[in-house]
Amino acid sequence: MIHPKLPAIWYGGDYNPDQWPEDIWQEDMRLFRKAGINVVTLPVFSWAKLQPSEDTYCFDWLDRILQLVQDNGIYVCLATSTAAQPAWMSRKYPDVLPVDIDGRKRTHGSRVNFCPNSPTYRTYAVRLTEKLAERYGQHPSLLIWHVGNEYGPHCYCDTCAAEFRHWLRARYGTIEELNKRWNMSFWGHTVYEWDEIVPPTNLNGDNRCFQGMALDYKRFMSDAILACYQAEYEAIKRITPDLPVTTNIWGLFNGLDLQQWADRMDVVSWDSYPQMNEPMSQVAMRHDYMRGLKHGQPFMLMEQTPSQQNWQPYNSLKRPGVMRLWSYQAVARGADTVMFFQLRRSFGACEKYHGAVIEHVGHEETRVFRECAQLGAELRELGDTLIDSRLRHEAALLFDIDTWNAVEITSGPNVDLDYAKQAQKMYKAFYELNVGMDVISPLSDFSGYKLVVAPVLYMLKPGVAERIEAFVKAGGVFVTTFFSGIVDENDRVTLGGYPGHLRKLLGIWVEEIDSLPPELKNRLVASEPFGKVAGEYSCGMLCELLHLEGARALAVYGDDFYAGMPALTENTYGEGRAYYVATDAEDRFLADFVRTLCERSGLEAPLEAEAGIEVTQRHKEGKRYTFALNHNARPAGVRIDGANRDLLTGRTFAAGDNAELEAYGVLILEEAER
Ligand code: GLA
Ligand code: ZN
């Protein structure tokens with residue numbers, strides 16, 4: 001996103017001046033300038049201050065801070081402050097307070113603690129947003145709108161129950177159709193009137209007995225919460241049609257249908273909080289997922305901590321250089337902003353031990369501040385060079401929230417089956433090769449890809465099987481794994497043999513699905529090598545017993561009564577090929593298998609690099625920018641394959657050079673497209 005007011009990498013983040021006396025504000029400005037900060041996000045949680053009572057609004061403090069920010073040449077991501085309603089509202093209008101899945105009415109407090117269907121909440125949220133837009137819409141420092149904050153929690157109150165019934169009526173038309181979609185003849189649950197439907201709470205024992213219903217409730221909640229966002233979005237657009245609007249996403253989160261949400265955002269923004277020892281591939285995948293939500297458009301890193309969190313079990317410090325490295329990792333994967341939570345560390349309540357650019361000591365002589373200021377200076381130097389550049393990939397991973405939810409709420413076949421983990425496991429095999437991959441919805445256009453992988457494609461929504469078939473027919477390579485093609489969008493099994501509508505494409509029939517506890521393993525044995533896949537690998541969790549119907553077996557099970565049955569298959573279909581991995585094999589198998597597929601499809605890393613160096617490439621206006629990110633705590637190198645120049649140091653390299661990166665070091669190599 002090239003913003004006319006600030007065509008540069010936005011650098012800054014959440015700032016809560018209303019928690020501080022005004023004499024501190026001046027000092028904040030001095031420190032922000034010193035750190036190279038050019039944007040502040042505010043007022044994210046100030047509804048109570050902006051509207052102290054039902055009939056009074058109070059903007060003068062916000063006027064003053066915005067003036068001060070403007071005087072200091074800093075821009076604003078203006079938040080609507082609607083994530084935490086004031087106490088007077090919860091007290092006077094109890095419909096604002098949500099009911100949780102266990103049927104308990106919540107009391108006032110915390111945040112994102114409102115019923116999304118509460119008419120009171122929606123009315124007052126939109127009213128506040130309108131007032132902010134009217135008052136500040138023309139403010140010269142205003143860059144973008146930030147609606148709410150990390151939407152998510154679901155509500156099960158009576159208002160929501162009534163709205164759910166309306167939603168179902170609109171979706172299914174008749175009660176007969178609803179009975180069919182949810183298979184309500186099971187356990188005698190047929191309903192005859194809409195009012196007989198109650199939300200799937202735990203009040204009746206287990207909210208997950210009817211997965212069709214539980215899934216629909218999740219979809220309905222996503223829609224209801226989206227309507228809150230949408231109402232503010234529209235209010236803003238009526239007044240400032242040209243300013244972009246976003247809301248910050250939690251990351252890989254299945255409480256909302258993020259694809260649908262992203263369609264309503266002008267730019268995707270998200271909050272990245274990796275754990276210290278989390279595999280970097282998982283962080284990379286989250287960035288890629290955010291980029292994929294808007295089909296490759298750059299996204300905003302709205303929040304990350306400069307140093308530590310407060311809410312993780314172990315809130316480790318980011319080691320020297322790591323904040324910088326992870327910031328560039330976001331940019332390397334498509335972020336056009338680097339923003340923090342928070343700029344000044346609060347001194348009371350639950351985030352006082354959350355890191356900040358300005359720490360409790362209050363001055364700039366801290367490691368964290370110095371690192372922030374160094375990064376600020378570097379980003380300023382980069383100017384608009386990288387802004388709006390794009391990544392180009394020939395591999396895609398299909399990822400779908402509905403499928404995630406369906407796998408999560410299904411009863412059986414194995415508690416260890418975790419959709420997101422399976423996606424991460426597959427993604428990791430590509431990540432370790434530095435073969436770039438987009439993470440996209442199964443309803444996206446696959447035509448630009450050579451290789452599409454869809455681990456645990458459990459649910460096939462209408463049209464998905466046809467799209468995959470067309471992709472393979474035209475020469476694409478498709479890979480899916482166990483527990484795929486099993487159900488439709490209502491979690492009803494597709495009868496006639498697994499994997500349902502993928503059976504023809506894959507040339508197989510899965511007859512049975514064995515489920516193993518973690519201590520029991522089988523073996524996946526490649527009788528003849530298939531590229532790098534050779535010898536045997538451990539496998540387990542789910543082992544599917546399948547028959548070939550046109551496919552050929554590339555590997556078989558080594559043990560148990562199904563020893564010798566296919567565990568890995570390949571089917572030629574049209575001009576392309578479709579692979580099926582019938583069991584959860586060890587990482588080493590996926591590494592060998594994915595390497596083989598990449599080699600055969602001509603997919604390569606942008607640069608040859610030592611292990612632990614992440615490499616990506618962004619493209620813009622005839623130039624390409626290759627990022628090398630050294631996640632190792634020791635120096636490591638990349639092999640340069642053409643003349644280029646590091647944007648960060650100005651160092652030039654020639655083909656054949658071995659460029660060494662220091663521990664946690666970064667290179668951004670600029671060169672003309674070849
Ligand atoms: C989230 C929120 C922020 C803050 C951070 C702390 O991302 O959006 O308000 O609470 O977490 O890590
Ligand atoms: Zn509710």
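**Zinc site and a sheet**

Modeller: The zinc ion (ligand 2) has a tetrahedral arrangement, because its 4 donor atoms subtend angles of 99 to 117°. Four donors count as tetrahedral if all angles lie between 85 and 135 degrees. This is a predicted model, with local features needing pLDDT of at least 70, side-chain atom pairs pLDDT 80 or more, and totals for chains, interfaces and linings using all residues. Residues are numbered from 1 along each chain as written, chains are lettered from A and ligands numbered from 1 in written order, and side-chain values use heavy atoms, without hydrogens and water.

Colleague: Which residues are the protein donors of the zinc ion?

Modeller: Cys115, Cys155, Cys157 and Cys160, each through SG, at 2.2 to 2.3 Å. Donors are N, O and S atoms within 2.8 Å of the metal (3.2 Å for Na, K and Ca); water is not among the atoms, so sites may look incomplete. The spacing is C-x39-C-x1-C-x2-C.

Colleague: Where do Cys115 and Cys157 sit?

Modeller: In distant parts of the chain, 42 residues apart. Cys115 is in the loop between α4 (87-92) and α5 (119-136). Cys157 is in the loop between β4 (142-146) and α6 (158-172). Helices (H or I, at least four residues) and strands (E, at least two) are DSSP runs numbered from the N terminus.

Colleague: Is Cys115 buried or exposed?

Modeller: Buried, at 0% relative accessible area. Cys157 is buried too, at 5%. Buried is under 20%, exposed over 50%, partly exposed in between (1.4 Å probe, protein chains only).

Colleague: New topic. What is the order of the strands in the open sheet?

Modeller: β21-β24-β27, antiparallel. β21 (608-609) and β27 (658-661) are the edges, each with a single partner strand, so one side of each lacks a neighbour in the sheet.

Colleague: How many bridges join β24 and β27?

Modeller: β24 (636-639) pairs with β27 over 4 bridges; pairing takes at least two in DSSP. Gly637 stands opposite Glu660 in β27.

How values were computed
Four donors count as tetrahedral if all angles lie between 85 and 135 degrees; four count as square planar and six as octahedral if opposite donors are over 155 degrees apart and all others between 65 and 115; anything else is irregular.
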